[in-house]
Structure formats: structure tokens, C-alpha cells
Amino acid sequence: MAILTYINPFRVVRDFVSVPIESFVSKQYLGYKKKTSDSIESVKELLYKAGVITVFFAAILWVSIFMYVIFYYTYMPNVTHVRPVHLQFKSCEENMGVCSFPSAHVQLTRRSSMLMSSQAYRVRLALDMPESQVNKDLGMFMVCAQMRAKGGVLVSASCRSAMLRHRSRLHQVMRTLVMAPLLLTGLDEEKQTLQVELFSDFEDDQDLPVTDAYVEVQSRFVQVISCELLIEAHFTGLRYYMFNWPKISALIGISTNLFFVSLVFILSWYHLQDGLPEFVKSKFRSVDGKLDQDQDDKKLLSKVKLEREDSFPFLEDEKLIEEYQKLEKKKT
């Protein structure tokens, strides 16, 4: 019967075929499952770390950009202020024409100040004058301006000369022929725009900020179509580079902010992590471990020396205790 049991084909197939195959398949499956779970965990951890680093880097980058934008709009003033100038004059009662110098009051701002203190400005008056025979015969004339603070306090005054540009008769005829289509359609006019620079480097006083400007054209025969008062910031130093090279300035400013913000963040992180980085801590721990091990070795050596010196009393006491225990056992 035993032989039949061993020769049973079902048992042979089970013991030598199915069981080894099942064990092999199960081992392969469990190993593959473990590797897959380990790889998934490593990928999850990697994605988590990458996400955290990305979030922190994006936050630091946006903080750097926001700081530069705030600095730019705080440090840089408005480049140009344009105000229309409406000239007024007194008409003659008996004769035709103008009996007073054309003048105008220009309100720059209703607030306490419009210009940035300690910043140089160029103040110009743009005059649109027709190329009439009266203006050509006029020659030079004076344009004056006064900058006043609130309450009419005079801050600064200036007078500059101006005149139409000379054009010869041949130049005028040729220009009229060339520009005839534009002149006939009304896209261009026979006029000249004079840019009269009244102040080259005007700086606003913080105690007396300018709020009004008074303009006067000192000629009764001048003919003006329209005019504007232009106040342009004259940049120097850092403002000059920030205005003329905005992209390079922005790149340098954001990079500088990014460096300092990252440095502050790293120092704060190490402070929250209780001091120094891990590699420095490990070095300190290894040094402390060596010192503690040396001290333990010294204590052990001293103890061994003491035991060796006092070995006889200890041995005698142990022998006495053993003999006493033997006697107690015999009695019982």
C-alpha cells in the first residue's frame, strides 16, 4: 500500500509539478508586487518632494516679483504730465486785434502735490503756430511761466525766447507741392510746433509743492492755434537705467530679491529645524560619540584595574558564600 501511495500519479503530479509551480508563481508574484509597491511609494515620495519644492519656489519667485513691482512704482515717478493751456487776452475796443498779452492759468493738480520731490523735471510749452505772414514777420517773442504753490506762493519763474523756423520761398513751394494731397484732405496743416523749454531742471519743494502754473506769451501779434504744457521727468542714476532698460533692470532686480528672499527662507528653515543642517549635526554627533566612547573605555579600564588590584578579597568572599550555601542545602 505504501508503494501504491508513492506511485500514485495524482500525488506525484501534486508534489513534483503543481506545488513547485504554485510556489514559484506565488514567489514571483509577491516579489513583483513588493517591487511595484516600493516603486509606487518611491514615486509618490518623489512627486511629493517635487511638489513641495515647486510650491516653495513659486512662492519665493512671486514674492520677489511683487517686491520689485512695489519698489518700481514707489521709486519711479510718472514720466510725463500733459496739461492743456487755454490762452486768454483782452480784445481792443476800437481796433481789431489783441490789446493784451495772451496768458493762461493751468491747474496742475487739486491734491497737495503732483511732482516727486528731489526729482528733476523739464517743463516745456508746445505752441502750434500757423505759418502765416504775421507770424513770419513777428520774429522773436518771449514766453514766461511761473510755478506757484497752494495759496499763490511763487516757487519759481522763467522766461525764454522763441520764434518760427525760417523756410525759404523755394523750400515752402516744394513742401507745398509734395504735401498737397495731405493738405487738401485735411490730414496735415501749414503750421509749426514750437517746443519752448521753460525749466531745464525743475525740482519740486517738499514744503511748497507746486499746484498751479501761469503762462504768458509776451506779444500782442502772435497767432497760436493751440498749446500744451508738458512736464517730463529727467531721469539720472538708477532711475535712468530702470526707465531706458526696463527688462534688464527687472531681471537684475528680481534676481537680487530672489537671492535675498531665498537666503532668508533657508535661514528661517534651519532655525525652525533647531539649528544647523543634518550633515553638520551628524559630524557633531560622531565627535560626541567618539568622546563618550573614549570616556566609557577609560572607565572600564579603571574598573578592571581596580578589580585586578582587589581580586583576592572578592574571591575569598565568594568562596565563603558558596560554602555557606552548601551547608544550608545539607541541613535541609
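Two aromatic rings of Phe, Tyr or Trp are taken as a pair when their centres lie within 6.5 Å, and in this predicted model such ring pairs link Tyr68, Tyr72 and Tyr73 into a cluster. By that rule the count comes to 10 aromatic pairs, and I will go through two of them. In the pair of Phe56 and Phe265, the ring centres are 5.2 Å apart and the planes stand at 40 degrees, so this pair is tilted. Since Phe56 belongs to helix H2, residues 9–75, and Phe265 to helix H7, residues 246–272, the pair ties together parts that are 209 residues apart in sequence. Phe56 is partly exposed, with a relative accessible area of 37%, and Phe265 is partly exposed as well, at 31%.

The rings of Phe71 and Tyr75 also have their centres 5.2 Å apart, but with their planes at 10 degrees, so that pair is stacked. Both residues lie in helix H2, 4 residues apart, which is about one turn of the helix.

Let me turn now to the sheet, which is open and built from 4 strands in the order S2-S7-S4-S5, with antiparallel pairing. Strand S2 (103–107) and strand S5 (154–162) stand at the edges with a single partner strand each, so one side of each has no neighbour in the sheet. Strand S4 pairs with strand S7, residues 210–218, over 8 bridges, and Cys144 stands opposite Glu216 in S7.

What is the nearest side chain of opposite charge to Arg148, which is buried yet has no salt bridge? That side chain is Asp212, 8.4 Å away. Arg148 lies in strand S4, and its contacts beyond four places in sequence include Val155, Thr211 and Tyr214.

Methods:
Residues numbered from 1 in each chain as written. Predicted model: local features only at pLDDT ≥ 70, side-chain atom pairs only at ≥ 80, totals over all residues. Heavy atoms only, no water. Helix = DSSP H or I, 4+ residues; strand = E, 2+ residues; numbered from the N terminus. Buried < 20%, exposed > 50% of the residue type's maximum accessible area, 1.4 Å probe, protein only. Lys, Arg positive; Asp, Glu negative; His and termini not counted. Salt bridge = Lys/Arg side-chain N within 4 Å of Asp/Glu carboxyl O. Contact = heavy atoms within 4.5 Å. Pairing = 2+ DSSP bridges. Phe/Tyr/Trp six-rings, centres within 6.5 Å; stacked < 30°, edge-to-face > 60°.
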